[in-house]
Amino acid sequence: MYFQILSAIFERYSNAVNRVISVPHHRLVTKHEAVPADRAKKIDRRSEKWLLTHSGYVRLSEGEIQAEKVLAVKKQVTYDTLENQFVKFILQSTIRKLEEFIKRYRESGARTEENVLSDGDRMLRTMRRVLHTTFLREVSEYSAAQSMSLVFGMAPGYRELYKYYLMLQRSLSVNGEVFRMSPKDTAQLYEYWCFIKLFSLLKKEYQLDSPDIIKVDNSGITVTLVKGIRSAARFIHPVTGEVIKLVYNPAESRTQTVNQRPDNVLELEKKGTEVSYKYVFDAKYRIEAEPESSFYPDTKPGPKVDDINTMHRYRDSIVYENPRSRFSFEKTMFGAYILFPLDGKYEEQYMEHRFYKSIDTVNIGGLPFLPSATRLVQKLLKELIQDSRESAFERSSLPRGIEEKLAAVDWDKRDVLVGVFRSTEQFRICFEKGFYYVPLGKIPETKLPIHYVALYQTNKMFGEGNGQIRYYGEVIQAAVVKRADIKEVPGMGKRGEEKYYRFTVREWKDITEINESGKPIRPRESGFVVDFTNLFLLQHSELVQELRFKNEAEYRFYTELKRSARAAEIEEDRTLGFAMGDCRFVFSDGEILAFREGRILERRTIDEFGKRPAKIFRLLRDAIGLGDELEG
């Protein structure tokens with residue numbers, strides 16, 4: 001175990017040592033040395049006392065007392081401090097234990113693995129080189145008679161190295177309530193195991209950022225899972241950069257009636273919203289093996305009905321008081337699932353159970369979870385994390401009539417004119433004077449009225465890499481004028497009778513203030529012109545191509561695809577399509593077609609997608625094998 005821990009942390013261990021070597025702790029010491037009087041730069045009271053006891057170096061010359069030698073004072077920096085002595089001791093201790101491990105490993109008689117020996121030799125060479133080629137070579141041996149310095153609690157490098165030393169020293173001393181469980185506490189032990197296994201599944205897929213469940217101190221390594229006390233782990237999604245939290249015994253489970261405390265909560269922070277999407281994973285060490293209830297029409301094993309009722313209670317009773325909302329209290333749990341101990345050989349059979357299918361319909365149900373049964377839990381975790389914020393919202397059950405209360409985007413309304421320019425001078429004039437103009441024939445009457453103008457600085461006109469839509473403005477006046485009347489722009493007198501629309505804007509605003517990405521809207525390498533769009537797309541697009549979406553289905557499909565793979569592209573042809581490598585998705589005649597290598601492998605109607613976007617997207621994605629590639 002010592003070798004495994006050292007291998008896992010050796011890079012950080014080495015970085016800490018290098019930080020110590022680059023900025024070592026030191027102190028200033030005073031030394032006295034007898035030197036000829038003309039070479040002494042500084043003397044002190046001790047020098048005077050020295051002359052009194054060494055009168056042989058003193059003589060009287062022409063009435064003056066002269067000294068041939070004096071005790072000079074010298075101040076110099078030394079690295080031979082208690083802190084550096086302890087650093088040397090840590091390296092020596094690590095080397096001894098590593099040498100002992102390698103020796104015992106070779107003599108064990110078991111089949112040795114070359115990578116173990118090569119890793120051990122590499123680590124030994126690194127630590128020996130530090131000991132023999134740096135200031136540590138001159139540092140004295142460490143004596144444990146003195147107390148530990150605060151340097152090891154505060155100084156960069158020293159602090160980290162001391163932590164890793166404790167981890168190695170206590171590698172076989174793992175503490176915590178988990179290890180004090182008696183056999184009669186099986187249900188509690190299962191609860192702990194569920195959290196640790198969920199942690200392990202997430203760690204395999206996502207970057208661990210902050211594990212609060214493990215603490216290292218003087219007493220060793222402690223697993224801090226304790227019933228009734230909050231513990232959490234924080235992960236980062238490698239593609240989207242979104243935060244994923246797994247919380248044990250969350251503290252935010254207060255309600256307006258009776259407090260609730262679920263076991264495990266998955267908390268997802270998705271881009272573009274301040275809402276945290278939370279899901280309960282509650283461990284119940286109970287199973288309905290021989291059901292007699294009307295809820296079980298056959299003998300399929302599953303979770304207890306009472307436990308399913310508890311999931312409904314968790315989701316509906318845990319609320320958040322939002323002072324900025326007109327609804328005052330809002331539900332915070334978007335789904336709730338029981339984890340129960342069903343053997344893995346029944347996983348496939350359980351997929352036909354009503355309490356598994358209910359997850360897809362009302363986002364409440366049960367999932368088998370044992371060392372032999374983790375597939376369904378892992379599948380659901382990936383789906384919840386991969387969901388866009390829209391899909392996450394749609395998973396929750398909404399009250400009847402909510403569609404009448406929620407304002408929908410009017411996709412037929414294209415009241416934002418995306419304006420381009422013939423020159424950088426034209427852009428400068430329009431930007432400074434607060435207006436935009438376009439020939440009358442460029443805007444059909446069906447597109448009127450125009451409520452906003454967005455300024456598109458194309459790569460062609462402003463230089464490759466400078467293309468962007470950064471500014472937009474609200475139109476406060478629209479007028480039909482003659483070309484010659486646009487006097488702000490030189491040369492407009494030619495063809496002066498030609499009719500133009502002139503749009504006066506209130507002010508040009510920075511799109512980064514309203515766009516959820518916080519960035520200007522950029523074109524792809526080739527880029528193309530979008531004449532009209534709407535304010536919703538202006539607020540939610542990263543690329544100019546996204547401004548052309550004509551309905552919610554196109555927007556939602558691309559949102560899901562983009563979360564799966566940032567390399568997804570919008571094809572620039574008459575039939576809207578999305579591509580990734582040799583895979584294509586095409587919207588045609590009310591259907592979404594999934595192609596691979598020119599063959600249609602799956603098709604679904606747009607109406608189906610509109611009702612269950614996330615589910616239909618996954619079916620299309622998995623049908624062409626794209627899901628496996630993305631996960632791989």
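This is a predicted model: local features need pLDDT of at least 70, side-chain atom pairs count only at pLDDT 80 or more; totals for chains, interfaces and linings use all residues.
Biologist: How are H1 and H3 oriented to each other?
Modeller: Helices (H or I, at least four residues) and strands (E, at least two) are DSSP runs numbered from the N terminus; axes are lines fitted to C-alpha atoms, for helices over the stretch in contact, with angles from 0 to 180 degrees between N-to-C directions. Helix H1 (residues 2-22) and helix H3 (residues 82-107) pack at about 150 degrees, with their axes 13 Å apart. Angles under 35 degrees count as roughly parallel, over 145 as roughly antiparallel, 65 to 115 as roughly perpendicular and the rest as oblique, and H1 and H3 are therefore roughly antiparallel.

Biologist: Which residues make the contact of H1 with H3, and how do they divide by class?
Modeller: With contact meaning heavy atoms within 4.5 Å, H1 brings Tyr2, Phe3, Leu6, Tyr13, Val17 and Val20, and H3 brings Asn84, Val87, Ile90, Leu91, Thr94, Lys97, Leu98 and Phe101. Ala, Val, Leu, Ile, Met, Phe, Trp, Tyr, Cys and Pro count as nonpolar, Asp, Glu, Lys and Arg as charged, and the others, Gly among them, as polar. The classes of this contact are 11 nonpolar, 2 polar and 1 charged.

Biologist: How is H1 oriented to H4, parallel or antiparallel?
Modeller: H1 and helix H4 (residues 114-133) pack at an angle of about 20 degrees, their axes being 11 Å apart. That angle makes the two helices roughly parallel.

Biologist: What is the class division of the contact of H1 with H4?
Modeller: From H1 come Phe3, Leu6, Ser7, Phe10, Tyr13, Ser14, Val17 and Ile21, which meet Val116, Asp119, Gly120, Arg122, Met123, Thr126, Met127 and Val130 in H4. By class, the contact has 10 nonpolar, 4 polar and 2 charged residues.

Biologist: Which helix gives the most to the lining of the largest cavity?
Modeller: On a 1 Å grid over the protein atoms alone, a cavity is a set of points where a 1.4 Å probe fits but cannot get out, and lining residues have an atom within 4 Å of a point. The largest cavity has a volume of about 50 Å³, and its lining residues are Glu383, Gln386, Asp387, Glu560, Ala614, Phe617, Arg618 and Arg621. By class they divide into 2 nonpolar, 1 polar and 5 charged. The helix that gives the most, with 4 residues, is H19.

Biologist: Where does proline 449 lie?
Modeller: A cis peptide bond, with omega about 0 degrees, joins leucine 448 and proline 449. The place of proline 449 is the loop between strand E18 (435-439) and strand E19 (452-457).

Biologist: What is the phi of asparagine 363?
Modeller: Asparagine 363 lies in the loop between helix H10 (354-362) and strand E16 (364-368). Its phi is a positive value in a residue other than glycine, near 60 degrees.

Definitions and conventions: Residues are numbered from 1 along each chain as its sequence is written. Side-chain values use heavy atoms; hydrogens and water are left out. On a 1 Å grid over the protein atoms alone, a cavity is a set of points where a 1.4 Å probe fits but cannot get out, and a pocket is an open set with protein on both sides within 12 Å along at least five of seven lines; lining residues have an atom within 4 Å of a point. Grid points are joined across faces, edges and corners, and a volume is the space filled by probe spheres set on the points.
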